Structures are given as structure tokens and as C-alpha cells.
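This report describes the fold of a single chain and the surroundings of two of its ligands. Please read it alongside the sequence and the model.

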Amino acid sequence: MTDPAPKKLFIKTYGCQMNVYDSDRMADALAPHGYVPTTELESADLVVLNTCHIREKASEKVFSELGRLKELRDERRAAGEDMMIGVAGCVAQAEGEEIIRRSPAVDLVFGPQSYHRLPDLVAKALGGQVVDTEFPPEDKFEHLPAPRKEVTISRGLTAFLTVQEGCDKFCSFCVVPYTRGAEVSRPVNQVLAEARNLVEAGVRELTLLGQNVNAYHGLTESGRAMGLGELLHRLAEIPGLERLRYTTSHPRDMDHALIEAHRDLDKLMPYLHLPVQSGSDRILKAMNRRHDRDEYLRLIERIKAARPDMALSGDFIVGFPGETEEDFEATLAIIREAQYASAFSFKYSTRPGTPGATMNEQVPEEVKVERLARLQALVIEQQRAFNRSCVGRTLDVLLERKGRMPGQLGGRSPYLQAVHLDAPEHLIGTIQPVEIIDVGNNSLSGKIVMGMERNSASLVESRSFARSN
Ligand code: SAH
Ligand code: SF4
Ligand code: F3S
């Protein structure tokens, strides 16, 4: 008996890093059923849109994309071929049946908690449209196959690992608690096993993911809940794993053990994404963030006391209902005080079903546009200042790939800055001390500090070993 011809799978990913991770896991789930990832939409047998619901724009994109997919499928059907269309992710979870009502060409709608059921759902969809947005009782991660080495290796030296999903915080602007469900942490051993596999496949840097990653409280084998600080200590013990990061954190969940991990673990990068959203106590309260401006600033002080070279990034929302000019200026003020190495900022987007949607005093669009421009000017200025402050410093750079020019390599600093330098190719996969000599628009350039080049033959060996497996 011969195997059936491989089927081609095209996944388009929107939204956050958790969706990026999930898309790979969907591909893992379908691999044993003959689905091979492709980058060519036109010839795919199954197209999955892994969607994001966080702001209206993100969510509406899906429907225009579905319109284009329908046209493509009509053409292919006319040519005697076919294509299945699936919608996954947070829009799928939030809209469910509504997606099929608006876009009847869709065969399959399934939420983030159903990815382990994907092969069954695809089989069912051959017989008619399927919607699965249940929050099943079983642990999806128990039932998903381990990340495949080929995928990990093709992604290179860095990988994401989801350790926590969902959110119980219910900030009044946010859909995540509805689309991802209640907060769940993966058991410690499951996380450690996945991390070891990734490292064996050549990964040197892991970013732990969760909508509230620092609320992690995974169970140990003996049934004790372990926090993120302790988990990071355990991960740091894995030989060959050189760098650790985590995102996204909530200020309320930065506990003592996690701050101490920043003090004690060299492998934990001194770069923290710690969104504050607003600098106005009145707005923070209306957002249900459950901390005020001073608590946030004091927390940053404690973190910087533990790790003086720590740099911050943040998220900000302008134009939350009721935000006055004075409230907005308080946001600019907290940005000046906290000092960010980078930041993401958004106009408040009304999300159906969230408390913010029915609040009075929605802010007019033109005010949001104007505030966003002022805020972005400030954070860009800070980002440039931070990059300039790196000139003359020696930063560890994980060399990840060949650079744009011959003889150049490219990598990332601890602060996720892209760094270019002249270096021989055999150093790819190693971390080198690099003196930063110049700042470009989107990257830094530097040179390996003479006499300090680290020869990590063992790392390179284990990587080529993984490749030949
Ligand atoms: N859990 C993280 C945030 C996840 S959502 C935290 O609590 O910080 C990522 C970012 O999207 C948020 O930090 C926020 O800045 C932005 N965001 C979420 N909902 C939004 C909305 N309705 N309008 C505009 N921006 C929003
Ligand atoms: Fe959304 Fe707030 Fe949860 Fe972050 S903490 S995911 S902003 S509800
Ligand atoms: Fe978007 Fe869902 Fe992530 S709404 S930001 S894809 S958790």
C-alpha cells in the first residue's frame, strides 16, 4: 500500500506571539495526517487563518481575507481542484457561527482550545461545515504532538514556548479573557521536556509565552504550584540553553521570586515587557488594571535595583473612554519617568462584549489620532536615545544568521536589537561580546571584542548533530 499524496497546508498568522506558536503546533498536529506546510497559498489543500480579535482592525482583516480566499477557491474549483478554508484563533473563538454566516465559504471554525482535535475536525469538515469553539475539559497540550525538529531547526536558534494561556484579569478594554478563556498553566515537567527537545534541535534562546506569563503557577509532579521565577531557575539548568525571555507580564504578577530571578540568572535577559497602558490613576482604575501609577513606578525601581542593566518595553492605549487631555498628559509623564527602550501604542478600539464598549464618553477618533502621534513621538525619541546609549557598550550578541553584506553576520542583543558585525560564519549559533560602534535606523553595528571571542565548539557540534538527525 502506498501513502496518500501529501496535502499542502498554508497557515496565515495574525496577532501575538502565542498565535505564532499555535500555528506551528497546528502544523505539528496535522503532520502525521500527511499535511506538509507550504508557503504557496495558490496550491494549498487546506488554508488556515489564525486570527486576532484584539482590535477591530485586526478582526475585520479576516473577513476581507476570506473574501479573497473564496475567489481563489472558485477559480480552483473551476479548474477541477479544491481547497478547504479554516478559521482558527481568537476571532474564531469570539465569533463562532457568525463567521460562517458572514463568509459561507468557510469549512471549519475552531478556537484556540481545539487545536489538538484538528485532524478530526478536518476529517469532519469533508462532510460539511464544522464549528468547534468549546473549551474542552482535557489538556490540549497533553494531546498535541511534540514540536517537530524540522520545524524548530528551520526557525533557527530562537523559539517560543507557551507556558500559560488565558487570562482572569478582565481589563475593561480587553477581549482576551473571552477568546482564550480562564488562566491555565502547563505542568512544570511538560514545559521542561518541551524546552529540552527544543534545545536538542538547536535552540539557544527561549521566550516563554503567556497572555499573563508571570501569573504562571504550573504544578510539579508532587502537586505543588511553581511560579515563573522558580521555573526560570529550572530552565536555566538545561545545558545548551543560553538565553531566557518571557512575555507578556502584568505588573500585578511581578512577584519577589521573579524579581530575584532577574538578579540571580545571567541567562535571563535584562529586557522586560511590562505594559502599563496609561499613566492616569483614574483611567487605570476604569481599565480595571488593579494598580496605580506609583505602584508601577515603585515596581520598576525594585526591578532595576535587582538588575541595574534592565531595559523596559511597554504597551499604551490612548483614548480609553473618559480620557481627558490631563489623563493623557499623565501617560506622557509616566513614559518620561519610566524610560522605555521600546513601546507599542494603540488607539483604544471598542470591543463588543467588554465593559469598555458601553462606557460613556467615548473619545472621538481625531483626538485618539492626535494623542497617538504625540505619544509615539515621545517613545521613538526614547528608543533612539536608548540605542545611542548602547554605543561604546559591550553587549552579548547571539549570532543568528548571515548578514546583508558578505562577511557579515546578524544577531540580537539582550535588548532584542538587531546587531550587524563582521565575523566568520562558523560563529553562527554562538554568543559573542560585541562592542557597539554605531546606530542605524533599525539596527546597531559593532565588532567582536578582540581576544574575548568565545569559541563554542560544543554548541556548534550539538547543533550540527541535531541537523543530521
Ligand atoms: N496581557 C497583556 C496584554 C495583552 S493584549 C497585559 O495585560 O499587558 C496586548 C496589548 O494590546 C495590550 O497591552 C494593550 O495595549 C493592547 N490592547 C488590548 N485591547 C485593546 C483595545 N481594545 N484597544 C486598543 N488596544 C488594546
Ligand atoms: Fe487583556 Fe488585561 Fe488580561 Fe492583559 S491582563 S490579557 S490586557 S484582560
Ligand atoms: Fe490577538 Fe488573541 Fe493574541 S486576540 S493578541 S491573537 S491572544
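## Overall fold

The chain contains 16 helices and 21 strands. Its radius of gyration is 23 Å, close to the 23 Å that the globule rule gives for 469 residues, so the chain is as compact as a globular protein of that length. The model is a predicted one.

Along the principal axes, the C-alpha trace spans about 60 × 60 × 50 Å. Of the 469 residues in the chain, 55% are buried. Among contacts with a separation of 6 or more, 71% are between residues 24 or more positions apart.

## Helix α1

Helix α1 covers residues 17-30.

Twelve of the 14 residues of α1 are buried, so the helix is largely enclosed by the rest of the structure. The buried set includes the acidic residues Asp22, Asp24 and Asp28, together with Arg25. Also buried are Met18, Asn19, Tyr21, Ser23, Met26, Ala27, Ala29 and Leu30.

## The surroundings of ligand 3

Ligand 3 is surrounded by Cys16, Asn19, Thr51, Cys52, His53, Ile54, Cys90, Arg180 and Gln211. By class, this shell has four nonpolar, four polar and one charged residues. Asn19 is also one of the buried residues of α1.

An unreviewed UniProt entry lists Cys16, Cys52 and Cys90 under "binding site". These residues are spread over 75 residues of sequence, yet they cluster in space, with a largest C-alpha distance of 10.5 Å.

## Cys52 and Cys90

Cys52 is located in the loop between β3 (46-51) and α2 (56-78). Its relative accessibility is 12%, and Cys52 therefore counts as buried, the limit being under 20%. Leaving aside neighbours within four places in sequence, Cys52 contacts Tyr14, Gly15, Asn19, Ala58, Ser59, Cys90 and Val91.

Cys90 belongs to helix α3 (residues 89-95). With a relative accessibility of 9%, Cys90 counts as buried. Not counting residues up to four places away in sequence, Cys90 touches Thr51, Cys52, His53, Pro112, Thr179 and Arg180.

## The surroundings of ligand 2

Which residues surround ligand 2? The shell consists of Cys167, Lys169, Phe170, Cys171, Phe173, Cys174, Val176, Pro177, Asn212, His250 and Arg289. Seven of these residues are nonpolar, two polar and two charged. In an unreviewed entry, the UniProt annotation "binding site" covers Cys167, Cys171 and Cys174.

Cys167 lies in the loop between β8 (164-165) and α8 (176-179), and Cys174 lies in the loop between β8 and α8 as well. Cys167 counts as buried at 8% relative accessibility, and Cys174 is buried with a relative accessible area of 14%. Not counting residues up to four places away in sequence, Cys167 touches Val176, Pro177, Gly181, Ala182, Glu183 and Asn212. On that basis, Cys174 touches Ile54 and Thr354. Ile54 is also among the residues that surround ligand 3.

Pro251 is placed in the loop between β13 (243-247) and α11 (256-264). At 7% relative accessibility, Pro251 counts as buried.

Leaving aside neighbours within four places in sequence, Pro251 is in contact with Leu274, Pro275, Arg289, His291, Tyr296 and Leu299. Of these contacts, Tyr296 is 45 residues from Pro251 in sequence and 6.7 Å away in space, C-alpha to C-alpha. Arg289 also belongs to the shell around ligand 2.

## Helix α9

Helix α9 comprises residues 188-200. Its 13 residues should span 18 Å at 1.5 Å a residue, and the end C-alpha atoms are 18 Å apart, in agreement with that value. Just after α9, Gly202 takes a positive phi of about 115 degrees.

The buried residues in α9 include Val188, Val191, Leu192, Ala195, Leu198 and Val199. Gln190 and Glu194 are buried too. An α-helix has 3.6 residues a turn, so residues three or four places apart point the same way.

Notes
Residues are numbered from 1 along each chain as its sequence is written. Chains are lettered from A and ligands numbered from 1 in the order in which they are written. This is a predicted model: local features need pLDDT of at least 70, side-chain atom pairs count only at pLDDT 80 or more; totals for chains, interfaces and linings use all residues. Side-chain values use heavy atoms; hydrogens and water are left out. Helices (H or I, at least four residues) and strands (E, at least two) are DSSP runs, numbered from the N terminus. The expected span of a helix is 1.5 Å times one less than its number of residues. Buried means under 20% relative accessible area, exposed over 50%, partly exposed in between (1.4 Å probe, protein chains only). A residue is near a molecule or strand if one of its heavy atoms lies within 4 Å of it. Ala, Val, Leu, Ile, Met, Phe, Trp, Tyr, Cys and Pro count as nonpolar, Asp, Glu, Lys and Arg as charged, and the others, Gly among them, as polar. UniProt positions are given in the numbering used here, feature names are shortened, and annotations may be inferred rather than shown by experiment. Contact means heavy atoms within 4.5 Å. The radius of gyration is taken over C-alpha atoms; the globule rule is 2.2 Å times the number of residues to the power 0.38.
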